[in-house]
Amino acid sequence: MTVPQITLNDGHTIPQLGYGVFKVDPEETERLVSLALETGYRHIDTAAVYGNEEGVGRAIASSGIPRDELFITTKLWNSEQGSARARAAIETSLEKLGLDRVDLYLIHWPRPDLDLYVETWRQLETFRDEGLATSIGVSNFHRPHLERLLAETETVPAVDQVELHPAFAQTELRTYLDDHGIRTEAWGPLGQGKYDLFGEPAVSDAAAAHGVTPAQVVIRWHLDHGTILFPKSSTPERIAQNFDVFGFDLTADEVAAIDALDRGQRVGSDPDTATF
Ligand code: NAD
(Lines give C-alpha, C1' and ligand atoms only; values in the text may rest on other atoms or scores of the structure.)
Protein backbone atom coordinates (compact mmCIF):
# COMPACT_ATOMS: atom_id res chain seq x y z
CA MET A 1 0.00 0.00 0.00
CA THR A 2 1.51 3.28 -1.05
CA VAL A 3 0.29 6.43 0.61
CA PRO A 4 0.47 9.42 -1.74
CA GLN A 5 2.95 12.14 -0.75
CA ILE A 6 1.72 15.72 -0.95
CA THR A 7 4.26 18.48 -1.62
CA LEU A 8 3.97 21.50 0.65
CA ASN A 9 4.68 25.10 -0.36
CA ASP A 10 8.13 24.89 1.27
CA GLY A 11 9.13 21.90 -0.89
CA HIS A 12 8.81 19.28 1.87
CA THR A 13 6.43 16.35 1.49
CA ILE A 14 3.77 14.91 3.81
CA PRO A 15 2.07 11.49 3.62
CA GLN A 16 -1.55 12.23 2.71
CA LEU A 17 -2.94 9.67 5.19
CA GLY A 18 -1.86 9.42 8.81
CA TYR A 19 -3.01 8.44 12.29
CA GLY A 20 -4.40 11.09 14.67
CA VAL A 21 -4.29 10.64 18.43
CA PHE A 22 -6.79 13.16 19.81
CA LYS A 23 -8.52 11.43 22.74
CA VAL A 24 -6.21 8.43 22.57
CA ASP A 25 -5.61 7.55 26.22
CA PRO A 26 -2.02 8.45 27.18
CA GLU A 27 -1.71 4.98 28.75
CA GLU A 28 -2.61 3.35 25.43
CA THR A 29 -0.84 5.72 23.07
CA GLU A 30 2.48 3.87 22.83
CA ARG A 31 0.73 0.57 22.04
CA LEU A 32 -1.67 2.06 19.49
CA VAL A 33 0.91 4.22 17.72
CA SER A 34 3.24 1.21 17.57
CA LEU A 35 0.41 -0.74 15.99
CA ALA A 36 -0.21 2.06 13.51
CA LEU A 37 3.47 2.14 12.57
CA GLU A 38 3.48 -1.66 12.12
CA THR A 39 0.40 -1.29 9.90
CA GLY A 40 2.33 1.09 7.68
CA TYR A 41 1.31 4.54 8.84
CA ARG A 42 4.25 6.96 8.77
CA HIS A 43 2.43 10.19 9.65
CA ILE A 44 1.28 10.82 13.22
CA ASP A 45 -0.75 13.88 14.28
CA THR A 46 -0.61 14.81 17.97
CA ALA A 47 -0.70 18.01 20.04
CA ALA A 48 0.63 19.22 23.37
CA VAL A 49 -2.91 19.47 24.71
CA TYR A 50 -3.67 15.80 23.90
CA GLY A 51 -1.37 14.83 26.77
CA ASN A 52 0.04 11.85 24.86
CA GLU A 53 3.22 13.13 23.16
CA GLU A 54 5.33 10.91 25.44
CA GLY A 55 3.50 7.79 24.26
CA VAL A 56 4.00 8.87 20.64
CA GLY A 57 7.68 9.40 21.38
CA ARG A 58 8.11 5.97 22.96
CA ALA A 59 6.43 4.30 19.97
CA ILE A 60 8.72 6.17 17.57
CA ALA A 61 11.81 5.24 19.57
CA SER A 62 11.00 1.55 19.73
CA SER A 63 9.85 1.31 16.09
CA GLY A 64 13.31 1.21 14.56
CA ILE A 65 11.92 3.21 11.63
CA PRO A 66 14.46 5.73 10.29
CA ARG A 67 13.56 9.24 11.41
CA ASP A 68 13.41 10.58 7.86
CA GLU A 69 10.69 8.06 6.98
CA LEU A 70 8.38 9.45 9.67
CA PHE A 71 6.27 12.59 9.61
CA ILE A 72 5.38 13.89 13.07
CA THR A 73 3.08 16.84 13.70
CA THR A 74 2.43 18.53 17.01
CA LYS A 75 0.72 21.78 17.97
CA LEU A 76 1.20 24.82 20.19
CA TRP A 77 -1.63 25.09 22.68
CA ASN A 78 -3.58 28.33 22.99
CA SER A 79 -2.37 29.30 26.46
CA GLU A 80 1.22 29.17 25.16
CA GLN A 81 0.83 31.74 22.38
CA GLY A 82 3.30 34.63 22.54
CA SER A 83 7.02 34.42 22.07
CA ALA A 84 8.57 33.32 25.39
CA ARG A 85 5.84 30.80 26.15
CA ALA A 86 5.92 29.40 22.63
CA ARG A 87 9.62 28.58 22.87
CA ALA A 88 9.15 26.75 26.16
CA ALA A 89 6.19 24.91 24.63
CA ILE A 90 8.03 23.59 21.56
CA GLU A 91 11.01 22.59 23.70
CA THR A 92 8.69 20.64 26.03
CA SER A 93 6.95 18.95 23.09
CA LEU A 94 10.27 17.92 21.53
CA GLU A 95 11.48 16.54 24.84
CA LYS A 96 8.30 14.52 25.32
CA LEU A 97 8.46 13.22 21.75
CA GLY A 98 12.15 12.41 22.14
CA LEU A 99 12.89 14.30 18.93
CA ASP A 100 15.20 17.16 17.99
CA ARG A 101 12.71 18.40 15.38
CA VAL A 102 9.10 17.87 14.37
CA ASP A 103 8.13 17.70 10.73
CA LEU A 104 5.24 20.11 11.19
CA TYR A 105 4.44 22.52 14.01
CA LEU A 106 1.02 24.19 14.10
CA ILE A 107 -0.64 27.03 16.00
CA HIS A 108 -3.58 24.99 17.33
CA TRP A 109 -6.29 27.72 17.29
CA PRO A 110 -6.11 31.39 16.27
CA ARG A 111 -7.81 32.67 19.44
CA PRO A 112 -8.51 36.08 17.83
CA ASP A 113 -9.58 37.41 21.24
CA LEU A 114 -5.95 37.14 22.45
CA ASP A 115 -4.60 38.85 19.32
CA LEU A 116 -1.31 36.98 19.64
CA TYR A 117 -1.35 34.78 16.57
CA VAL A 118 0.69 37.09 14.32
CA GLU A 119 3.42 37.42 16.94
CA THR A 120 3.23 33.67 17.56
CA TRP A 121 3.55 32.97 13.84
CA ARG A 122 6.77 35.01 13.71
CA GLN A 123 8.03 32.83 16.52
CA LEU A 124 7.21 29.70 14.52
CA GLU A 125 9.20 31.17 11.62
CA THR A 126 12.17 31.35 14.00
CA PHE A 127 11.65 27.75 15.12
CA ARG A 128 11.68 26.68 11.48
CA ASP A 129 14.84 28.70 10.80
CA GLU A 130 16.48 27.04 13.81
CA GLY A 131 15.49 23.57 12.58
CA LEU A 132 13.14 22.77 15.47
CA ALA A 133 10.28 22.36 12.98
CA THR A 134 10.85 21.45 9.34
CA SER A 135 7.53 22.95 8.22
CA ILE A 136 5.14 25.30 9.98
CA GLY A 137 1.42 25.76 9.66
CA VAL A 138 -1.79 26.69 11.39
CA SER A 139 -4.99 25.04 12.53
CA ASN A 140 -8.53 26.34 12.72
CA PHE A 141 -7.56 29.56 10.92
CA HIS A 142 -10.27 31.28 8.93
CA ARG A 143 -9.63 33.52 5.97
CA PRO A 144 -9.31 36.79 7.97
CA HIS A 145 -6.69 35.19 10.24
CA LEU A 146 -4.75 33.92 7.23
CA GLU A 147 -5.03 37.28 5.49
CA ARG A 148 -3.28 38.91 8.44
CA LEU A 149 -0.44 36.38 8.37
CA LEU A 150 0.01 36.87 4.65
CA ALA A 151 -0.01 40.66 4.97
CA GLU A 152 2.13 41.00 8.09
CA THR A 153 4.68 38.15 7.96
CA GLU A 154 7.09 36.51 5.53
CA THR A 155 5.80 32.94 5.48
CA VAL A 156 2.65 31.47 3.96
CA PRO A 157 1.55 28.58 6.22
CA ALA A 158 2.25 25.16 4.72
CA VAL A 159 -1.11 23.80 5.92
CA ASP A 160 -4.33 24.81 7.61
CA GLN A 161 -5.78 21.95 9.68
CA VAL A 162 -9.52 22.54 9.95
CA GLU A 163 -12.71 20.69 10.75
CA LEU A 164 -13.73 19.03 7.49
CA HIS A 165 -16.08 16.11 6.75
CA PRO A 166 -18.93 15.56 4.29
CA ALA A 167 -21.51 17.63 6.23
CA PHE A 168 -18.94 20.43 6.70
CA ALA A 169 -16.90 20.49 3.52
CA GLN A 170 -15.41 23.99 3.89
CA THR A 171 -15.61 24.68 0.16
CA GLU A 172 -15.12 28.46 0.40
CA LEU A 173 -12.16 28.26 2.77
CA ARG A 174 -10.69 25.50 0.61
CA THR A 175 -10.77 27.69 -2.48
CA TYR A 176 -8.86 30.38 -0.57
CA LEU A 177 -6.31 27.82 0.69
CA ASP A 178 -5.85 26.35 -2.80
CA ASP A 179 -5.42 29.82 -4.30
CA HIS A 180 -2.65 30.60 -1.80
CA GLY A 181 -0.77 27.30 -1.92
CA ILE A 182 -1.84 26.27 1.58
CA ARG A 183 -2.61 22.54 1.90
CA THR A 184 -5.83 21.51 3.59
CA GLU A 185 -5.72 19.05 6.48
CA ALA A 186 -9.03 17.65 7.75
CA TRP A 187 -9.70 17.14 11.42
CA GLY A 188 -12.77 15.17 12.42
CA PRO A 189 -12.64 13.58 8.95
CA LEU A 190 -15.28 11.01 9.98
CA GLY A 191 -17.38 13.67 11.68
CA GLN A 192 -16.05 12.38 15.02
CA GLY A 193 -18.96 9.92 14.99
CA LYS A 194 -21.24 12.80 16.01
CA TYR A 195 -23.84 12.36 13.24
CA ASP A 196 -24.96 9.40 11.21
CA LEU A 197 -22.51 9.91 8.37
CA PHE A 198 -22.12 6.17 7.79
CA GLY A 199 -25.89 5.76 7.46
CA GLU A 200 -26.13 8.31 4.64
CA PRO A 201 -27.11 6.42 1.45
CA ALA A 202 -24.40 8.28 -0.48
CA VAL A 203 -21.86 6.63 1.81
CA SER A 204 -23.47 3.28 2.57
CA ASP A 205 -24.42 2.61 -1.08
CA ALA A 206 -20.83 3.24 -2.22
CA ALA A 207 -19.56 1.00 0.59
CA ALA A 208 -21.85 -1.81 -0.54
CA ALA A 209 -20.90 -1.31 -4.20
CA HIS A 210 -17.17 -1.63 -3.47
CA GLY A 211 -17.34 -4.18 -0.66
CA VAL A 212 -15.71 -1.81 1.82
CA THR A 213 -16.86 -0.06 5.00
CA PRO A 214 -18.51 3.37 5.15
CA ALA A 215 -15.43 4.71 6.97
CA GLN A 216 -13.23 3.57 4.09
CA VAL A 217 -15.54 5.33 1.61
CA VAL A 218 -15.30 8.61 3.53
CA ILE A 219 -11.51 8.35 3.79
CA ARG A 220 -11.34 7.71 0.03
CA TRP A 221 -13.57 10.76 -0.58
CA HIS A 222 -11.11 12.94 1.34
CA LEU A 223 -8.13 11.47 -0.53
CA ASP A 224 -9.85 12.10 -3.87
CA HIS A 225 -10.25 15.77 -2.93
CA GLY A 226 -6.54 16.06 -2.19
CA THR A 227 -7.14 16.49 1.52
CA ILE A 228 -4.56 15.37 4.07
CA LEU A 229 -6.21 13.37 6.87
CA PHE A 230 -5.42 11.24 9.92
CA PRO A 231 -8.52 9.47 11.20
CA LYS A 232 -8.45 8.45 14.84
CA SER A 233 -9.40 5.09 16.26
CA SER A 234 -8.39 3.22 19.41
CA THR A 235 -9.58 -0.08 17.91
CA PRO A 236 -6.85 -2.17 16.24
CA GLU A 237 -9.15 -3.47 13.47
CA ARG A 238 -10.24 0.05 12.59
CA ILE A 239 -6.68 1.39 12.63
CA ALA A 240 -5.88 -1.27 10.01
CA GLN A 241 -9.11 -0.70 8.09
CA ASN A 242 -8.60 3.08 7.89
CA PHE A 243 -5.25 2.50 6.18
CA ASP A 244 -6.60 -0.11 3.75
CA VAL A 245 -8.15 2.39 1.35
CA PHE A 246 -6.02 2.09 -1.77
CA GLY A 247 -7.60 -1.01 -3.28
CA PHE A 248 -10.73 0.64 -4.71
CA ASP A 249 -11.79 3.85 -6.46
CA LEU A 250 -14.97 5.87 -6.06
CA THR A 251 -16.76 6.84 -9.25
CA ALA A 252 -17.27 10.52 -10.07
CA ASP A 253 -20.98 10.08 -9.31
CA GLU A 254 -20.23 8.58 -5.91
CA VAL A 255 -17.90 11.47 -5.05
CA ALA A 256 -20.56 13.96 -6.19
CA ALA A 257 -23.23 12.26 -4.05
CA ILE A 258 -21.01 12.61 -0.97
CA ASP A 259 -20.21 16.23 -1.92
CA ALA A 260 -23.97 16.86 -1.83
CA LEU A 261 -24.07 16.01 1.90
CA ASP A 262 -22.49 19.39 2.71
CA ARG A 263 -24.84 21.41 4.90
CA GLY A 264 -22.41 23.58 6.84
CA GLN A 265 -22.80 21.39 9.94
CA ARG A 266 -19.96 21.79 12.42
CA VAL A 267 -19.36 19.15 15.07
CA GLY A 268 -16.69 21.20 16.87
CA SER A 269 -16.06 24.74 18.09
CA ASP A 270 -16.13 27.83 15.89
CA PRO A 271 -12.57 29.25 15.74
CA ASP A 272 -13.91 32.81 15.62
CA THR A 273 -15.49 32.51 19.05
CA ALA A 274 -13.65 29.65 20.81
CA THR A 275 -12.08 30.85 24.05
CA PHE A 276 -10.58 27.68 25.55
P1 NAD B 1 -12.51 11.43 13.50
O2 NAD B 1 -13.47 12.04 12.54
O3 NAD B 1 -11.25 10.82 13.02
O4 NAD B 1 -13.39 10.41 14.32
C5 NAD B 1 -12.85 9.51 15.22
C6 NAD B 1 -13.97 8.56 15.65
O7 NAD B 1 -14.51 7.90 14.49
C8 NAD B 1 -13.42 7.43 16.51
O9 NAD B 1 -13.41 7.78 17.86
C10 NAD B 1 -14.37 6.32 16.19
O11 NAD B 1 -15.50 6.44 17.04
C12 NAD B 1 -14.79 6.58 14.79
N13 NAD B 1 -14.07 5.70 13.83
C14 NAD B 1 -12.78 5.75 13.45
N15 NAD B 1 -12.52 4.81 12.53
C16 NAD B 1 -13.67 4.13 12.33
C17 NAD B 1 -14.04 3.05 11.51
N18 NAD B 1 -13.17 2.48 10.67
N19 NAD B 1 -15.31 2.60 11.56
C20 NAD B 1 -16.21 3.19 12.38
N21 NAD B 1 -15.93 4.24 13.18
C22 NAD B 1 -14.67 4.70 13.16
O23 NAD B 1 -12.21 12.56 14.61
P24 NAD B 1 -10.96 13.17 15.33
O25 NAD B 1 -10.23 12.17 16.11
O26 NAD B 1 -11.46 14.34 16.06
O27 NAD B 1 -10.05 13.70 14.13
C28 NAD B 1 -8.90 13.02 13.65
C29 NAD B 1 -7.64 13.69 14.13
O30 NAD B 1 -7.67 15.08 13.81
C31 NAD B 1 -7.46 13.68 15.65
O32 NAD B 1 -7.09 12.45 16.18
C33 NAD B 1 -6.43 14.76 15.80
O34 NAD B 1 -5.13 14.28 15.44
C35 NAD B 1 -6.91 15.79 14.80
N36 NAD B 1 -7.78 16.83 15.41
C37 NAD B 1 -7.35 18.12 15.38
C38 NAD B 1 -8.13 19.14 15.90
C39 NAD B 1 -7.63 20.54 15.83
O40 NAD B 1 -8.24 21.44 16.45
N41 NAD B 1 -6.57 20.81 15.11
C42 NAD B 1 -9.37 18.86 16.49
C43 NAD B 1 -9.79 17.53 16.51
C44 NAD B 1 -9.00 16.53 15.95
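I sorted the shell around the ligand by class and got 11 nonpolar, 11 polar and four charged residues. For the classes, I took Ala, Val, Leu, Ile, Met, Phe, Trp, Tyr, Cys and Pro as nonpolar, Asp, Glu, Lys and Arg as charged, and the others, Gly among them, as polar.

The model is predicted, with local features needing pLDDT of at least 70 and side-chain atom pairs pLDDT 80 or more, while totals for chains, interfaces and linings use all residues. Residues are numbered from 1 along each chain as its sequence is written, and side-chain values use heavy atoms, without hydrogens and water.

I looked up which residues surround the ligand. There are 26, and D45, L190, Q192, Q241 and N242 are the closest; a residue is listed if one of its heavy atoms lies within 4 Å of the ligand.

Next I checked polar contacts (pairs of N or O atoms within 3.5 Å). An oxygen atom of the ligand is 2.9 Å from a side-chain N or O atom of N140. For the side chain of W187 I noted 3.4 Å from an N or O atom to a ligand oxygen. G188 brings a backbone N or O atom to 3.0 Å from an oxygen of the ligand.

I then turned to salt bridges (a side-chain nitrogen of Lys or Arg within 4 Å of a carboxyl oxygen of Asp or Glu). The structure holds 16. One of them joins E30 and R58, at 3.0 Å from N to O. E30 is in helix α1 (residues 26-39) and R58 in helix α2 (residues 53-63), so the pair ties together parts 28 residues apart in sequence.

Notes:
A polar contact is a pair of N or O atoms within 3.5 Å; within protein, one must be able to donate a hydrogen and the other to accept it, and residues adjacent in sequence count only if both atoms are side-chain atoms. Helices (H or I, at least four residues) and strands (E, at least two) are DSSP runs, numbered from the N terminus.
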